[in-house]
Amino acid sequence: MNKAKCILLSCFFISVSAVVVNAQPAGIPQRVEALLKKMTLAEKIGQLNQYNGDWAATGPVTTDVGNKLDAIKRGEVGSILNITGVQHTRVFQEAAMKSRLKIPLLFGQDVIHGYSVTFPIPLAEAASWDMDAIEKSARIAATEAAAGGVHWTFAPMVDIARDPRWGRVMEGAGEDPYLGSLIATARVKGFQGKGLGNLDAVMACAKHFTAYGAAIGGRDYNSVDMSLRTLWEVYLPPFKAALDAGVATFMNSFNDLNGTPASASHYLQREILKDKWGFKGFVVSDWGSIGEMINHGYVKDNYEAAEAAINAGNDMDMESRSYINNLAKLVADKKVSVRTIDEAVRRILTKKFELGLFDDPYRFSSEEREKRVLNKPEFIAAARDVARKSIVLLKNDKRVLPLSKNTGSIALIGPMVKLKKENKGFWSLDVGDESQVVSLYEGMQQQAGITKLLYAQGCDITDTSKIGFADAVKTAMQADVVVMAMGERFDMTGEAKSRSDIHLPGIQEELIKAVIATGKPVVVLLYAGRPMVFDWTADHAPAIVYTWWLGNQAGNAIADVLYGNYNPSAKLPVTFPRTEGQIPIYYNHYNTGRPPHADNDVNYTSSYIDLLNSPKFAFGHGLSYTTFKYDNIKLSKKSMLKTGSITVSFDIENTGKYAGGEVAQLYLRDLVSQPVRPVKELKDFKKLMLQPGEKKTVTFIINKDKLAFYNDKLERITQPGDFMLMIGSASDDIRLQDKFTLLD
Ligand code: NOJ
């Protein structure tokens, strides 16, 4: 097809696709069955096979298959991953169009926090507790990715993470199943937009199914050992939320769960996902995870691995080549039925039809659209907006922040000040160029007004040499205020980036000590992809701002917050430990039989003799430049039936000088229950904006859903009895409380 024809065709499909909404277009099941009938067994197996593209690898590349384009022409490949750009994808699609049945390829890519315009890392966005902003970020990522030829993102990662040593904590929504479920929903809706078939929608993928975030010791890829009740209570809810939001695909996980690798788990993939939950999309393995079952010691070779995975409901094989090399023989040996193969192929073909690829395999291949859609000013503005919303003000003693517009000079000190590309974070793509990224220095400069900026690097991120200290101290002495930009390298979190020591790396804390010793007011910014340990800084720095990795607009967003052009409103989606010895640490723990009466109560209580139980910064914590007063709690009644509900209302007043946003959080505790329930569980929250002096009434509805839990038989039940209701600004800052009873 020549280019002009192709553009014409694309235009035709733009107008057609604009009316496609979530519902599956008529006739797809029939078209799938008709195609299935024409396919040889080899062609069916090809559909279940996914190879890495030619440009980047996000895992160990296994054996060489020779020329991938030839394999595609032979109908041996259903999907290619790690491939971006209209030009590149088109080459592969053209090869697929030379195969006997011309079945189009699916192009998958890790579009995790933006495509060309890079957004904050997912954990940072989770700190915004702002579902609209999170959905918008995913929407923009999908719009750009689809314009760049991508059909499928391997996101969102919805794994709950209670262990900050685990490098992939950066890729999820933190530790809480309720918040995690809402964010899973927002991200799926964002990626899939008005539904597959629209030219700005990509298939989302809920990953990693499941319990990957509970790797023992926080070591990536490690085993997981947990009760099924914890699995259902804590780890599965965000997956169910993604499914309910219509997620097109699931990815299973590298870990074994209680001895069975997830890729071979019949319980997870067939019993729960496909049977109980009725999932209609398809399951892709993680990179090589089918073949890795040999290392697990679960199977002896790829033949057995393929048998275990396909029979357990794993539809597509990412990169392990177990399916392509073994499924035909497994069918001949009657170890795998054609029916099982057909079921997997059917699921994959259905998605290809829904995306409209059979109608036009090049509908995501318009170079004109790619140029037009990427990096739109409104996308950049949205990235700045969500970046500001993700910044957590951890501490602000003596109101060091916001910086006065009349400040004579600010010393910017630290290894992060002039970083550019690194601001994009671990899972960013090489799309777009470095000039799009705003460094802290540039962002501060743009809003500096009459303020003079001074700079000293002081040390590098993992330095052991103090050679730059003297210059840093001298620079600090010359300034009215010091802003220190410290943290861990952007690639110290992410896949295969677990750390046993999560302290602020190198000698950075010593540099902070040296600068604080000057007596100047010091603001410490912490760049990270996880909660870090920085005990001395937390106790001695007057102001601490957790910036995470914020993407392209990092410098502007941080400057907005420091200069007070944006009042921070983010809240931690994850607990910050005092030190590694407290890990795993999470707010929704059980009380135990010997809870300490005070934080330092070690008298035969469940405590450490050398460490407090409380975290350094609690789940839900985050300050504002203004103050909020909570008052006037009212319950519509003090008891309810299972079929009823209670309305809780209370007032929040902005009692400070700045307009600001607050996230009011509702926690519940089931006081007596069998099995026991956590000391506190987030059940609802509201984010609201208040002008100085303004007061608003907030209401929450408590119904059966908020009181239900899984019993030992994994049934979701409620038990009559008393509940404590807590409303606060953080899980450790409860401002109002009351009790109510669930009646029999
Ligand atoms: C392995 C990662 O675990 C997964 O999340 C990712 O989508 C694939 N590699 C593809 O890059």
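How many helices and strands does the secondary structure of the protein come to? Colour the model by secondary structure and count along: there are 23 helices and 26 strands (DSSP runs, H or I of at least four residues for helices and E of at least two for strands, numbered from the N terminus). The radius of gyration, taken over C-alpha atoms, is 27 Å, close to the 27 Å that the globule rule gives for 744 residues, so the protein is as compact as a globular protein of that length. That rule is 2.2 Å times the number of residues to the power 0.38.

Before zooming in, a word on the model. It is predicted, with local features needing pLDDT of at least 70 and side-chain atom pairs pLDDT 80 or more, while totals for chains, interfaces and linings use all residues. Residues are numbered from 1 along each chain as its sequence is written, and side-chain values use heavy atoms, leaving out hydrogens and water.

Next, show side chains and look for polar contacts (N or O pairs within 3.5 Å):

- Asp110: a side-chain N or O atom is 2.4 Å from a ligand oxygen.
- Arg168: a polar side-chain atom sits 2.5 Å from an oxygen of the ligand.
- Lys207: here the distance from a polar side-chain atom to a ligand oxygen is 2.8 Å.

The protein covers 100% of the 300 Å² of accessible area that the ligand has on its own (Shrake-Rupley method, 1.4 Å probe).

Conventions: A polar contact is a pair of N or O atoms within 3.5 Å; within protein, one must be able to donate a hydrogen and the other to accept it, and residues adjacent in sequence count only if both atoms are side-chain atoms.
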